[in-house]
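Reader: I have a structure open and want to go through a few spots in it. Can you take me through them?

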Amino acid sequence: TRDHYNRHSNKHVDQASALRARAAGPSMPLKKFHNSIKRAMINRFAYGSDRLLDLACGRGGDLWKWFDADIKYVKGVDLSPGEIEEAKGRYRQALEKRGKDRVGTVVEFVDSSILGVEEFREKECYDAVTCMFALHYFFVSLESAKRFLQNVSMNLKPGGYFFGTVPDGKSINLCVKSGRKFTSPMLTVEARWEGQPKPFGSPYLCAIGDTVTGGEEGTEGSLEYLTYNSVLEGVAKEVGLEPVLDY
């Protein structure tokens, strides 16, 4: 996973060229939809917060959402040093574009590969913890998923929120039910598990158009793991996290 995302980092030297490439790409409508969902969640669960921790932050694609939500401090953590460097560059360019005195959000980006392996404890707890389009990577095993959610729980203030986005395991199963592979001009999904899918450790290959999951530069796509809502809720409950139903 680290190698895949390092290969896809540093493609654009500045934010302007990155935005132009995005606007010209065939997956732009999908990205707009995803961003509208993420913005709604950030505003619902983190607007005006003092502190937000974004785990598996990638290139910092939610920077402007954090600014607009008036969050005072955000820390982004990702396993890819290349993606973290790109995120830092995007933050610098965002400050230049809006003006440092007009940005009320301080953002720090760091790389770490221990989120699903070892304890990751910050000095202060956070009002919100997020994980956008990455939680499914930790479902490589029960141990990894539980360790990650333990890290989420220990860094949340009492009453704080953990939220994010993840492909639905049942939907992935439906995609590959006939022939173990689904292909379209925008999407490729291929089952890589043996026998019947399991709650943990059931890999599949995913490549979405011109996104970071796309297969290029020696990669077929992103190797991901089935994640089921019921399993996620069960593991989360073991570490003290309860589902929010009034959204």
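Author: This is a predicted model. In it, the axes of helix α6 (residues 142–154) and helix α8 (residues 229–238) come within 9 Å.

Reader: At what angle do α6 and α8 cross?
Author: Roughly 55°. The two helices, α6 and α8, are therefore oblique to each other, and α6 passes α8 in a right-handed crossing.

Reader: Which residues in α6 and α8 meet there?
Author: From α6, L142, A145, K146 and L149; from α8, L232, V235, A236 and E238. The contact of α6 with α8 divides into 6 nonpolar residues, no polar ones and 2 charged.

Reader: Switching to cysteines. How many disulfides does the structure hold?
Author: The count is 0. C206, for instance, is in no disulfide, and the nearest cysteine sulfur, that of C175, is 8.9 Å away.

Reader: And is C206 buried or exposed?
Author: C206 is buried, at a relative accessible area of 7%. C57 is buried too, with 8%.

Reader: Now K75. Where is K75 placed?
Author: K75 sits in strand β2 (residues 73–78).

Reader: Is K75 buried or exposed?
Author: Buried: the relative accessible area of K75 is 12%, and the cut-off for buried is under 20%.

Reader: What does K75 touch?
Author: Leaving aside residues up to four places away in sequence, K75 touches L52, L53, D54, E108, V110, E122 and Y126. L53 is 22 residues from K75 along the chain, yet their C-alpha atoms are separated by 5.0 Å.

Methods
Residues numbered from 1 in each chain as written. Predicted model: local features only at pLDDT ≥ 70, side-chain atom pairs only at ≥ 80, totals over all residues. Heavy atoms only, no water. Axes fitted to C-alpha atoms, helices over the stretch in contact; angles between N-to-C directions. Helix = DSSP H or I, 4+ residues; strand = E, 2+ residues; numbered from the N terminus. Parallel < 35°, antiparallel > 145°, perpendicular 65-115°, else oblique. Left-handed = near helix turned anticlockwise from the far one by under 90°. Contact = heavy atoms within 4.5 Å. Nonpolar A, V, L, I, M, F, W, Y, C, P; charged D, E, K, R; others polar. Disulfide = S-S within 2.5 Å. Buried < 20%, exposed > 50% of the residue type's maximum accessible area, 1.4 Å probe, protein only.
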